[in-house]
Amino acid sequence: PPPLHAALPIYARSSGQIDIERRDTEWAFTQILLDPRNDRSWRMTLQVDLDASREAGAPRLSLISIDE
């Protein structure tokens, strides 16, 4: 089967669907999620701990919220 992202409309993965807040020790990402009414009201917010990510050699993410 094709990868899941291949089934999503291209605009669902566009840079217009994400907001990045860059801070010294962390970044916060807010991703707009597709919703049935296409009103862009669903959001997922993640935090990236930059120090922990460097130490691990891979992104260290924390889920902050998923809400409407």
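Glu21 is partly exposed, with a relative accessibility of 40%, where buried means under 20% relative accessible area, exposed over 50%, and partly exposed in between (1.4 Å probe, protein chains only). The structure is a predicted model, in which local features need pLDDT of at least 70 and side-chain atom pairs count only at pLDDT 80 or more, while totals for chains, interfaces and linings use all residues. Residues are numbered from 1 along each chain as its sequence is written, and side-chain values use heavy atoms, with hydrogens and water left out.

Glu21 forms a salt bridge (a side-chain nitrogen of Lys or Arg within 4 Å of a carboxyl oxygen of Asp or Glu) with Arg23, the closest N and O atoms lying 2.8 Å apart. Arg23, itself partly exposed at 35%, also forms a salt bridge with Glu26, with 2.6 Å between the closest N and O atoms.

Three salt bridges are found in the whole structure. One of them joins Arg54 and Asp51 at 3.3 Å, N to O. These two residues stand three positions apart in helix 1 (residues 50–56), and are therefore separated by about one helical turn. Arg54 is exposed at 60%, whereas Asp51 is partly exposed at 46%.

Four strands form an open antiparallel sheet in the order 1-2-3-4. Strand 1 (18–22) and strand 4 (61–67) stand at the edges, each with a single partner strand, so one side of each lacks a neighbour in the sheet. Helices (H or I, at least four residues) and strands (E, at least two) are DSSP runs, numbered from the N terminus; two strands pair if DSSP finds at least two bridges between them. Strand 2 (residues 26–33) and strand 3 (residues 42–49) pair over eight bridges.
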